[in-house]
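Subject: Structure handover

Hello,

Here is the structure I said I would pass on. My notes on what was found in it follow below.

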Amino acid sequence: MAVAAEEIASRLGDVLDGKVSDLRRLSGGASRTTSSFDLRGPDGTTRSLILQQGRGSLPGQGQRAHVEAALLTAARAAGVPVPGVVAAGVPDGLPAGWLVVERLDGESIPRKILRDPEWSEARARLAAQCGRALAAIHGIDPAAIEGLPPRDPFDDPCSFLDALGEVRPALELGVRWLEVNRPPPRPPTTVHGDFRTGNFLIGRDGLGAVLDWELAHIGEAAEDVGWLCAPAWRFGGRGRVGGFGDLATLLQAYAAAGGEQLDERRVHWWEVYATVKWAVICALQASAHLSGRTRSIELVAIGRRVCESEWDLFTLIGVVPAHDEPPPEITRASPAPLAPFGRPTLEELVEALGEHLEGLTSEQTDRGSRFEARIAANVAGMVDRQLGLAPAVAAAHARRLARLGFDDDAALVAAIRRGTFDDQWGELGAPLAASARDQLLVANPSYLA
């Protein structure tokens, strides 16, 4: 059960021995909620702090919060810029899985960091700074962090795909490609697990803090590098590294700071892995809403981002859409019937909803509310585009399946798992890439640019 903001503020004040004020939800946070607040202590001084809490009531969140606190402490000692830990697990009546850290100054919004002229000098330094930070993180002895979990990378996409019950041939192709092309394993180390643009605080001099350690685990060093290079975390920027830098610069700084010599082919494998994994995570987050566990317009919208990663996957492994399938065009030739509803039509209702939500994005003063209104407006746009594109997209996908010799996606997925297409990535990928493109025309047409 959700706890009211007033009750949270009161309990936090008791736990932290002070008076809490200005507790407000921040934007973002698909896997957990993030809020800022001020704490006035008994001596009259005020501290600016951040409160983080896992979404829902999943088991083990309290333990994960303590592991994250231990990692932050170790990372700080190793020279990684991180916020100081104030409280972990938040005892005395507050729900488990909460973490309180210092609130640091800096910019975290990727599009500002990657585009605004004021961050140009910081962007020039970031790739090397990330390399040095990763070398320090990977130098932390995993055995020194009690409870840090080991992780086989294939456990994430494979088991989660089966658990979701969704049939997505493009992702199955990605998993199979990873299995066939997996490089030999390297010694395990401490892995941040979500080292990327959006989880950095950036100051005038570059990297000010590495945030969001809740996915840290024992794994391979190249995983963090591949994750940072994944197209999803470039946010439209041109640099392969997080949208801001080049890989050679990062790897050089990483090795100079004590990291191992990482081969670019290994990084590329992990880049493909990150793309498949992020697609599965998007589907998982949508399932949290669809199951009723955590109702959220943000999670709904994230579910329609799977096709972005499918498109990125094909780009990374060198597959282009089939040329004989041009993109469909929006048509309103068969509008929803008026009777007995009359006007406004379904299309007109969606249009009005989208306009209303777009208005809220500028009228709301609360940053979190503006963020959610913007997401809701995007969802309304998806509905409108799907009304016009769905028949053509579905028909085109059915034709592609028939040319491959399959009646439905499930039969194709079974063939992929059997290894039928292991030497035919292009032949199979081209029609699936065309279907991913068509989905993007509904979900996010600008991504194709």
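To start with the helices, helix 4 and helix 7 cross in a right-handed manner. The residues that make this contact are Cys130, Leu134 and His138 on the helix 4 side, and Ala221, Asp224, Val225 and Leu228 on the helix 7 side. Sorted by type, the residues of this contact are 5 nonpolar, 1 polar and 1 charged. Helix 4 covers residues 120-138, and its axis is 10 Å from that of helix 7, at a packing angle of about 150°. The two helices are therefore roughly antiparallel. Please keep in mind throughout that this is a predicted model.

Helix 7 (residues 221-229) also packs with helix 8 (residues 247-256): their axes come within 12 Å and cross at roughly 150°. An angle over 145 degrees counts as roughly antiparallel, so helix 7 and helix 8 fall into that class. Their crossing is right-handed. On helix 7 the contact uses Ala221, Val225, Leu228 and Cys229, and on helix 8 it uses Leu247, Leu250, Leu251 and Tyr254. The contact of helix 7 with helix 8 has 8 nonpolar residues, with no polar and no charged ones. Ala221, Val225 and Leu228 are named in the contact with helix 4 and in the contact with helix 8.

The loop between helix 7 and helix 8 holds phenylalanine 235. This residue is not a glycine, yet its phi is positive, at about 50°. Is phenylalanine 235 buried or exposed? Its relative accessibility is 18%, and the limit for buried is under 20%, so phenylalanine 235 counts as buried.

Five strands form an open sheet in the order 1-2-3-5-4, and their pairing is antiparallel. Strand 1 and strand 4 are its edges, each pairing on one side only. On average, and ignoring direction, neighbouring strands in this sheet are turned by 25° against each other. Within it, strand 3 (residues 46-54) and strand 5 (residues 98-102) run antiparallel and are joined by 5 bridges. One of the residues involved is glutamine 52, whose bridge partner in strand 5 is leucine 99. Helix 1 (residues 5-16) lies across strands 1, 2, 3, 4 and 5, and runs at about 135° to strand 1.

Strand 1 (residues 19-25) includes aspartate 22. Aspartate 22 is another non-glycine residue with a positive phi, here about 55°. With a relative accessible area of 45%, aspartate 22 is partly exposed.

There is also a hairpin, in which 2 residues connect strand 7 to strand 8. Strand 7 (residues 200-203) and strand 8 (residues 206-210) run antiparallel, with 4 bridges between them. Glycine 203 has glycine 206 of strand 8 as its bridge partner.

The last item is alanine 78, in the loop between helix 2 (61-77) and strand 4 (85-88). Which residues does alanine 78 touch, leaving aside those up to four places away in sequence? They are Ala136 and Ile140. Alanine 78 has a relative accessibility of 39% and therefore counts as partly exposed. Its C-alpha atom is separated by 42 Å from that of valine 319, which is 241 residues away along the chain.

Regards

How values were computed:
Residues are numbered from 1 along each chain as its sequence is written. This is a predicted model: local features need pLDDT of at least 70, side-chain atom pairs count only at pLDDT 80 or more; totals for chains, interfaces and linings use all residues. Side-chain values use heavy atoms; hydrogens and water are left out. Axes are lines fitted to C-alpha atoms, for helices over the stretch in contact, and angles run from 0 to 180 degrees between N-to-C directions. Angles under 35 degrees count as roughly parallel, over 145 as roughly antiparallel, 65 to 115 as roughly perpendicular and the rest as oblique. A crossing is left-handed if the near helix is turned anticlockwise from the far one by less than a right angle, and right-handed if clockwise. Contact means heavy atoms within 4.5 Å. Ala, Val, Leu, Ile, Met, Phe, Trp, Tyr, Cys and Pro count as nonpolar, Asp, Glu, Lys and Arg as charged, and the others, Gly among them, as polar. Buried means under 20% relative accessible area, exposed over 50%, partly exposed in between (1.4 Å probe, protein chains only). Two strands pair if DSSP finds at least two bridges between them.
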